[in-house]
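Open the model in your viewer and get ready to select residues.

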Amino acid sequence: MTMTASAYSVAEPSRWSKMTASIIVATYAIVTILPLLWIFLTGFKTPPDSIAYPPKILFEPSVEGYVNLFTTRSRQTPEFLASLPPPQTWYERLVRSRNMVIGGPSKVVPRFVNSMVIGFGSTFLAVCFGTIAAYAFSRFRVPLADDLLFFILSTRMMPPIAVAIPIYLMFRNLGLTDTKLGMILLYTAVNVSLAVWLLKGFMDEIPREYEEAAMVDGYTRLQAFFKVVLPQATTGIAATAIFCLIFAWNEYAFAVLLTSGDAQTMPPFIPFIIGEGGQDWPAVAAATTLFFIPILCFTILLRRHLLRGITFGAVRK
């Protein structure tokens, strides 16, 4: 009896072990958060403060970066500015203080909408197709299943630049260049492999007895899938959606190659935010901060599923 108890006993970590672990976790958190915090603060600097050396830690906050992000401006002579009517809004007064006038809205809002449509649209399709394919591999005897799964996974092994030219030629012949539909289909095809492999692990852990009991009660296979399997696989679907959205949201290579106007997303747009005399770093930082918010909110909403998702711990028999 004593041997059984000692075999399953767990040693209490020492005070120094806890302290060391806490220091490591705190250091990692600081190193990870510091660049994001610096980007956020840079968005509230003026252009001279953003390139000051040594870098300014204490500065007078300004929303000039956000105004520059959402507007296009042009410098004018003092005589021309004096001939204009007084500015009506606070951001017009801010631009006038720099001897500039607002020419119109920038392209950041259409680019942000493109990212939302393409990112969430491709994630939805990839998760839908991945769920169906994973269920088929998990529940049915698919010929050459292992070979097919390896082939699906191998599509993620090749770097995007290796297939950039064939995809560009194919999209040009099909008329899909610089279209939201083309980008959604491309990101869906890339993410399906990840979705299949992640979701198959969850499908394998869902007991078949649940479906068999449902079909004994009169459910069809399709009804059992929607009413029994999908609710049990919610954790895996949520975790898979996060990973697929992160890829589609941040993807740069295909976006810069296949889009230039109507379907351009934020990643290729942000580096080319140009101010007077060069890169407008506060506007770039402001765009990066806004671009980060949707993926952060989506991850926070599904965070309770993420840990179980990456450890394949949905349901156990």
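How many residues of the lining of the second largest pocket are nonpolar, how many polar and how many charged? The model you are looking at is predicted. Keep the question in mind as you go.

**Stop 1: the second largest pocket.** Now colour α9 (164-174) and α10, the elements that give two or more residues to the lining. Helix α10 gives the most, with six residues. Here is the count: 17 nonpolar, two polar and one charged.

**Stop 2: helix α10.** Select residues 180-205. This helix has 26 residues. From its first C-alpha to its last it reaches 36 Å, close to the 38 Å expected at 1.5 Å a residue. Where is the kink in α10 centred? Click on N191: the kink there is about 35 degrees.

**Stop 3: the largest cavity.** Rolling a probe the size of a water molecule over the atoms shows where empty space is left. A search of the whole structure finds one cavity of 30 Å³ or more. The volume of the largest cavity is about 40 Å³. Select S115, I118, G119, Y187, A248, W249, T265 and P267 to see its lining. Two elements to colour are α7 (108-139) and α13 (234-250), which each give two or more residues to that lining. Helix α7 gives the most, with three residues. By class, the lining of this cavity has five nonpolar residues, three polar ones and no charged ones.

Note on methods. Residues are numbered from 1 along each chain as its sequence is written. This is a predicted model: local features need pLDDT of at least 70, side-chain atom pairs count only at pLDDT 80 or more; totals for chains, interfaces and linings use all residues. Side-chain values use heavy atoms; hydrogens and water are left out. On a 1 Å grid over the protein atoms alone, a cavity is a set of points where a 1.4 Å probe fits but cannot get out, and a pocket is an open set with protein on both sides within 12 Å along at least five of seven lines; lining residues have an atom within 4 Å of a point. Grid points are joined across faces, edges and corners, and a volume is the space filled by probe spheres set on the points. Helices (H or I, at least four residues) and strands (E, at least two) are DSSP runs, numbered from the N terminus. Ala, Val, Leu, Ile, Met, Phe, Trp, Tyr, Cys and Pro count as nonpolar, Asp, Glu, Lys and Arg as charged, and the others, Gly among them, as polar. The expected span of a helix is 1.5 Å times one less than its number of residues. The bend at a residue is the angle between axes fitted to the seven residues ending there and the seven starting there.
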